[in-house]
Amino acid sequence: MIFDWFKSKKEDSVSLPSPLNLRLGSAVELDLLPFQMMREQLRFTLPEGIQTIEAAGFIDLGAGNSLCRFYTSDDGFIQISTSGGYETQNIDDIKFFVFTQTHNIASQSGVSLWVSDSGLIGDKRFLLDETSYSRVWDEAVPGRIEPVNFTETVHSRDESVSTYEVEHLAMLYQRQISDSERYEYLLASLEFSGEDEATAVVSLGFDLDISSMNIT
């Protein structure tokens, strides 16, 4: 079974990467005026107010490439893609995602619905409430491809919560917002965070500029 290859791990306290000085407990104020002007066209609700970082996840993609995720108290996360380090000049991409749907998976048939030869994750297109999103990763490849597999190590602001790992099978999709050069992104992921436990998560988001964030 696909559950069998997942193993939970714990880690001792370490010094965590902090691109743009994002860190556990920091506060982030977002300037989302461009998106406020098109909010009726978005398929999710924009975050409001100051966002507090409650958890941080780190993903080693290999060859010096990493993803850093900073989870907020408002059911969202800032995702920063870096290459060759965590300094500002090493940042390749910043996105903000909002958790849109979660589905608890309790059986192998449930897993197969999301990751299999006919699974939702990895198909050329992803349909969410009759809105179609096209695959970003390997978009030129016809038909379905295998989901991207990576491991995220998550640290909580709550010291009573031990560091843990989440195994992801994921794919990124996008659609262009009408009458705009901006895109709305859909991240679909089957996540394993314990023995025989899985959750299918669909998140929607948008690109963030460094200048749109005030971090304290």
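Is tyrosine 183 buried, partly exposed or exposed? Tyrosine 183 is partly exposed, with a relative accessible area of 27%. Here buried means under 20% relative accessible area, exposed means over 50%, and partly exposed lies in between (1.4 Å probe, protein chains only).

This is a predicted model, in which local features need pLDDT of at least 70 and side-chain atom pairs count only at pLDDT 80 or more, while totals for chains, interfaces and linings use all residues. Residues are numbered from 1 along each chain as its sequence is written, and side-chain values use heavy atoms, with hydrogens and water left out.

Start with the whole protein. It has 2 helices and 12 strands. These are DSSP runs numbered from the N terminus: helices are H or I with at least four residues, strands are E with at least two. From the N terminus on, the order is β-α-β-β-β-β-α-β-β-β-β-β-β-β. The C-alpha atoms fill a box of roughly 50 × 45 × 30 Å along the principal axes. Of the 216 residues, 47% are buried.

Now turn to the rings. A pair of aromatic rings is described by the distance of the centres and the angle of the planes. Rings of Phe, Tyr and Trp (its six-membered ring) pair if their centres lie within 6.5 Å; planes under 30 degrees apart count as stacked, over 60 as edge-to-face and the rest as tilted. The count comes to 11 aromatic pairs. In one of them, phenylalanine 126 and tyrosine 173 are tilted, at 5.5 Å centre to centre and 55° between the planes. Phenylalanine 126 lies in strand β6 (residues 125-128) and tyrosine 173 in strand β9 (residues 164-176), so the pair ties together parts 47 residues apart in sequence. Phenylalanine 126 is buried, at 4% relative accessible area. Tyrosine 173 is buried too, at 0%.

Tyrosine 183 and tyrosine 185 form another tilted pair, with 6.4 Å between centres and 35° between planes. Tyrosine 185 is buried, at 8%. Lysine 95 lies over the face of tyrosine 185, at 4.3 Å from the ring centre. For such a charge, NZ of Lys or CZ of Arg must be within 6 Å of the ring centre and within 35 degrees of the ring normal. Arginine 182 lies over the face of phenylalanine 35, at 4.8 Å from the ring centre. Phe35 also belongs to an aromatic cluster with Phe44, Phe96 and Phe206.

End at serine 66, in strand β3 (residues 65-72). Serine 66 is buried, with a relative accessible area of 10%.
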